[in-house]
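Here is a short briefing on one protein chain. Keep the structure open while you read.

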Amino acid sequence: MDFELYHDESKVNGYWHGMLLVPQARKTWLVDLLEEARANAGYTDPLGIKVVRKDNRVFDCAKAWITIGVAAMKSKSGGQPVPIYLGKKMAHVPEYRLLHEAVGAKFILFRDRNAHQNMTLHPDHASKVETTFRIALKGGLHFLGNETESIWIERIHFDGYEHHKRHIDRARVVGRIRGLRDYCHISDRDDLIDDSSSDHRRSDSQDYEDCHLIQLTDLMLGAFRSVLLGPTNPIHLRMSYPIESLVLRYQKGYPRMRHSRWWSSFCMSQCFLEDGRWKYETFEFQPEYAYRQMSLPNS
């Protein structure tokens with residue numbers, strides 16, 4: 001299947017990469033849902049975890065987007081439909097729509113526990129980002145794909161280049177990947193990487209649809225981070241309940257996930273550099289942060 005990859009980052013309690021893989025055939029469908037939620041919530045500016053500060057229309061829009069993003073990650077048809085919130089309320093009660101189909105989006109979450117502090121041989125900050133992105137991408141593709149369900153990356157979208165002080169180096173991001181399995185492929189097209197702004201109000205931004213999907217990646221990364229290691233704002237947990245449900249299911253192990261509708265939909269890993277070698281470990285989920293007022297139906 002052909003995908004476009006959307007990337008965002010976070011520097012809160014480590015250095016995080018979030019990568020949303022969207023099937024090209026369902027890209028417009030997904031953005032249409034995000035747009036519908038925007039209209040219902042009445043919020044048109046760029047959306048990200050940092051702008052969600054209180055229970056208002058921004059919160060409603062962000063909450064809706066996360067339910068849409070998680071529903072789009074459903075990989076198996078059948079079973080119970082997935083409820084999605086589209087930012088609309090009836091008598092102050094959120095209205096949900098049921099999604100029956102499997103869309104097949106995927107999410108890769110990767111954290112450098114030491115926030116690149118031990119990467120002393122790299123020439124600049126951007127090269128550290130590119131290196132850990134490459135590690136996360138290769139591992140994520142190998143985990144989420146297989147011989148019968150290939151993953152072909154046709155485009156890669158980064159959330160702007162200005163904060164890195166230069167454009168993304170394609171050679172470091174893609175050219176240095178070695179040993180990619182046969183069911184994984186990255187296009188060699190000249191315009192593979194777009195690192196223009198994700199602010200759809202700017203004249204020099206990426207395409208409108210791509211801006212929205214980068215903003216969705218920002219929200220989903222923030223939700224994963226809030227559930228796993230605690231929020232920067234308690235209200236973030238109130239919109240992260242679909243992510244929490246995924247994490248709880250994921251941490252029950254392979255047998256539980258194997259029969260889930262979100263099988264091969266997402267992966268989580270973290271690492272740290274010690275004595276020149278990367279070491280990997282599991283996340284220590286802290287359930288006391290969990291917000292359990294709502295959850296997704298059982299798989």
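Leaving aside neighbours within four places in sequence, F107 is in contact with G18, M19, L20, M73, L144, T217, M220, L221, F224, S265, F266 and C267. The model is predicted.

**Nonpolar cores**
- The largest nonpolar core holds 57 residues.
- F107, L109 and I243 touch the most other members of that core.
- A second, separate core has 26 residues, including F3, F110, I153 and I156.
- In soluble globular proteins, nonpolar side chains tend to be buried together.

**Largest pocket**
- The volume of the largest pocket is about 670 Å³.
- Its lining counts 29 residues, and D8, E9, K50, D159 and D218 are the closest to the pocket centre.
- Strand 1 and helix 5 (208–229) each supply at least two lining residues.
- Helix 5 gives the most, with six residues.
- By class, the lining of the largest pocket divides into eleven charged, ten polar and eight nonpolar residues.

**Second largest pocket**
- The second largest pocket has a volume of about 230 Å³.
- Its lining is made up of M1, F3, S75, K76, V103, G104, K106, E149, S150, W263 and S264.
- Four of these lining residues are nonpolar, four are polar and three are charged.

**S10, in strand 1**
- S10 lies in strand 1, which spans residues 2–10.
- Is S10 buried or exposed? S10 counts as buried because its relative accessible area is 9%, and the cut-off for buried is under 20%.
- The S10 side chain reaches the backbone nitrogen of V12 at 3.3 Å.
- Beyond its neighbours within four places in sequence, S10 is in contact with Y15, W16, L221 and R225.
- L221 is also one of the contacts of F107.

**T28, in helix 1**
- T28 sits in helix 1, residues 27–41.
- T28 counts as partly exposed because its relative accessibility is 41%, and that class lies between 20% and 50%.
- Which side chain makes a polar contact with the side chain of T28? The partner is E209, at 3.1 Å.
- T28 and M239 are 211 residues apart in sequence. In space, their C-alpha atoms are 24 Å apart.

Conventions
Residues are numbered from 1 along each chain as its sequence is written. This is a predicted model: local features need pLDDT of at least 70, side-chain atom pairs count only at pLDDT 80 or more; totals for chains, interfaces and linings use all residues. Side-chain values use heavy atoms; hydrogens and water are left out. Helices (H or I, at least four residues) and strands (E, at least two) are DSSP runs, numbered from the N terminus. Buried means under 20% relative accessible area, exposed over 50%, partly exposed in between (1.4 Å probe, protein chains only). A polar contact is a pair of N or O atoms within 3.5 Å; within protein, one must be able to donate a hydrogen and the other to accept it, and residues adjacent in sequence count only if both atoms are side-chain atoms. A nonpolar core is a set of buried Ala, Val, Leu, Ile, Met, Phe, Trp, Tyr and Cys residues joined through side-chain atoms within 4.5 Å. Contact means heavy atoms within 4.5 Å. On a 1 Å grid over the protein atoms alone, a cavity is a set of points where a 1.4 Å probe fits but cannot get out, and a pocket is an open set with protein on both sides within 12 Å along at least five of seven lines; lining residues have an atom within 4 Å of a point. Grid points are joined across faces, edges and corners, and a volume is the space filled by probe spheres set on the points. Ala, Val, Leu, Ile, Met, Phe, Trp, Tyr, Cys and Pro count as nonpolar, Asp, Glu, Lys and Arg as charged, and the others, Gly among them, as polar.
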